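This report walks through a structure for a reader who is meeting it for the first time.

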Amino acid sequence: MANSTSQAATTTIKTDSWAVRMSDSVLARSPESYEKWEYDHGVIYKGLEWVGELTGDPKYMKYIKKHMDHFVDENGVIQHYNVDEYNIDHINNGKLLFPLYHVTGDERYKKAACQLRSQLEKHPRTSEGAFWHKQIYPYQIWLDGLYMGAPFYAEFIRELGDPSEFDDVTLQFKLCYKHTRDPKTGLLYHAWDEKREQHWCNPETGCSKNFWGRSMGWFVMALADVLDYIPEDHADRPALLNMLTGTLEALLKVRDEASGVFYQVLDMGHVKGNYLESSASCMILYAIAKGVRKGYLPEHYRQEAEIIRKGIIDEFITITEEGLVNLNKTVQVSGLGGKDRRDGTFAYYISEPIVTNDPKGIGAFIQAMGEAERI
């Protein structure tokens with residue numbers, strides 16, 4: 001994230017809310033617009049949107065609008081975005097177009113949302129109908145992609161689409177769960193290759209080799225968000241609720257007992273080199289806390305949310321001399337395949353850089369603390 005040292009140096013944030021404290025740290029550190037249409041910034045913006053609602057302070061929505069207006073031109077065309085790349089990650093920022101449209105009434109935000117929806121119209125799919133993660137990753141489902149595409153898709157349907165399209169949203173989860181879930185542990189592998197051709201996959205199952213923390217975090221966040229839009233009487237809603245509960249139960253079995261948070265490679269906490277990772281922990285907390293608040297999960301999960309919330313603060317948070325909040329121990333990126341032949345091994349996952357104040361981690365932290373503080 002871009003830094004503004006002079007502004008940050010004069011900022012002292014006084015509040016009991018960690019969501020607000022981190023949000024104000026973001027505003028202090030990154031006052032300027034981002035240069036690329038990147039999914040990770042959208043994770044931050046969703047957190048800021050919630051904090052704006054919580055506090056009633058318009059500065060958060062103004063910040064979101066300023067940054068989104070860097071990309072959405074006067075005709076509603078998203079700059080630095082190419083529909084024909086068919087990258088599901090590029091859909092994520094579209095979630096902010098709906099609140100901007102409701103707040104301002106500006107039609108260009110609706111036009112931009114329709115531009116993103118047009119990508120999903122022609123986005124390549126597996127033989128069963130699941131979106132490829134990217135055109136450059138053919139016939140592959142990645143857990144990450146469920147968060148990137150499904151919540152926007154579902155909200156678009158509620159706002160501007162045909163309710164019959166909800167079937168396609170729920171299909172994405174059913175297919176992902178069917179192909180990535182390990183029947184022994186209930187955990188989900190990072191990705192699945194329908195063709196069984198990728199060097200990282202099991203030639204029999206098509207699954208990748210390990211359970212990556214953040215990928216499962218994306219998945220449970222996606223479920224918690226999509227359930228906001230799927231109608232109560234939809235035939236697949238019970239399956240999504242069971243998916244959320246079952247996946248979280250599997251995750252709670254592998255968390256670190258001492259700290260209450262989660263490892264980079266979820267089920268290998270005992271292996272040298274593995275480490276407690278902040279973004280996955282925040283995402284899982286978000287899904288649990290929101291699930292409790294919205295009634296998607298049984299009430300006893302409230303206690304689990306508090307254990308994880310406390311663990312995140314104790315394990316990952318530090319405060320600068322200026323009073324700004326740092327989120328530490330976030331893996332910068334983890335993927336599969338591509339030019340650098342990311343092979344999905346344990347050694348690969350622990351080799352990626354570990355950074356402070358990564359946007360994906362910060363955004364997940366704001367959203368997680370917001371939900372935990374609400375319950």
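## How two helices pack

In this predicted model, helix H9 passes helix H10 in a left-handed crossing. H9 spans residues 213–226 and H10 spans residues 237–252, and their axes come within 10 Å of each other while crossing at roughly 150°.

On the H9 side, the residues that meet H10 are Met-216, Phe-219, Val-220, Leu-223 and Val-226, and on the H10 side their partners are Leu-240, Met-243, Leu-244, Thr-247, Leu-248 and Leu-251. Sorted by class, this contact between H9 and H10 has 10 nonpolar residues, 1 polar residue and no charged ones.

## Aromatic pairs

The structure has a count of 15 aromatic pairs. One of the pairs is formed by Trp-37 and Phe-71, whose rings are arranged edge-to-face, with 5.5 Å from centre to centre and 70° between the planes. Trp-37 lies in the loop between helix H2 (18–29) and H3, whereas Phe-71 lies in the loop between helix H4 (59–69) and H5, so the pair ties together parts that are 34 residues apart in sequence.

## Two open pockets

Which residues lie nearest the centre of the largest pocket? They are Lys-46, Glu-49, Asp-228, Tyr-229 and Lys-290, and they belong to a lining of 25 residues around a space of about 510 Å³. By class, the lining of the largest pocket has 14 charged residues, together with 7 nonpolar and 4 polar ones.

The second largest pocket holds about 240 Å³ of space and is lined by 18 residues, with Tyr-39, Asp-89, Lys-134, Val-333 and Ser-334 lying nearest its centre. The elements that give two or more residues to the lining of this second largest pocket are H3, H7 and H9. Here the lining divides into 7 nonpolar, 4 polar and 7 charged residues.

A search of the whole structure for cavities of 30 Å³ or more finds 2 of them. The largest cavity holds about 120 Å³ of space, and among the 14 residues that line the largest cavity, those closest to its centre are Ile-88, Phe-131, Gly-145, Leu-146 and Gln-172. Strand E1 (140–142), H7 and helix H8 (166–180) each supply at least two residues of this lining, and the largest share, 4 residues, comes from H7. The lining of the largest cavity comprises 9 nonpolar and 5 polar residues, and no charged residue is found in the lining.

The second largest cavity has a volume of about 40 Å³. Its lining is made up of Tyr-34, Lys-36, Trp-37, Glu-38, His-41, Tyr-45, Met-68, Phe-71 and Asn-93, and these residues divide into 5 nonpolar, 2 polar and 2 charged.

Definitions and conventions. Residues are numbered from 1 along each chain as its sequence is written. This is a predicted model: local features need pLDDT of at least 70, side-chain atom pairs count only at pLDDT 80 or more; totals for chains, interfaces and linings use all residues. Side-chain values use heavy atoms; hydrogens and water are left out. Axes are lines fitted to C-alpha atoms, for helices over the stretch in contact, and angles run from 0 to 180 degrees between N-to-C directions. A crossing is left-handed if the near helix is turned anticlockwise from the far one by less than a right angle, and right-handed if clockwise. Contact means heavy atoms within 4.5 Å. Ala, Val, Leu, Ile, Met, Phe, Trp, Tyr, Cys and Pro count as nonpolar, Asp, Glu, Lys and Arg as charged, and the others, Gly among them, as polar. On a 1 Å grid over the protein atoms alone, a cavity is a set of points where a 1.4 Å probe fits but cannot get out, and a pocket is an open set with protein on both sides within 12 Å along at least five of seven lines; lining residues have an atom within 4 Å of a point. Grid points are joined across faces, edges and corners, and a volume is the space filled by probe spheres set on the points. Rings of Phe, Tyr and Trp (its six-membered ring) pair if their centres lie within 6.5 Å; planes under 30 degrees apart count as stacked, over 60 as edge-to-face and the rest as tilted.
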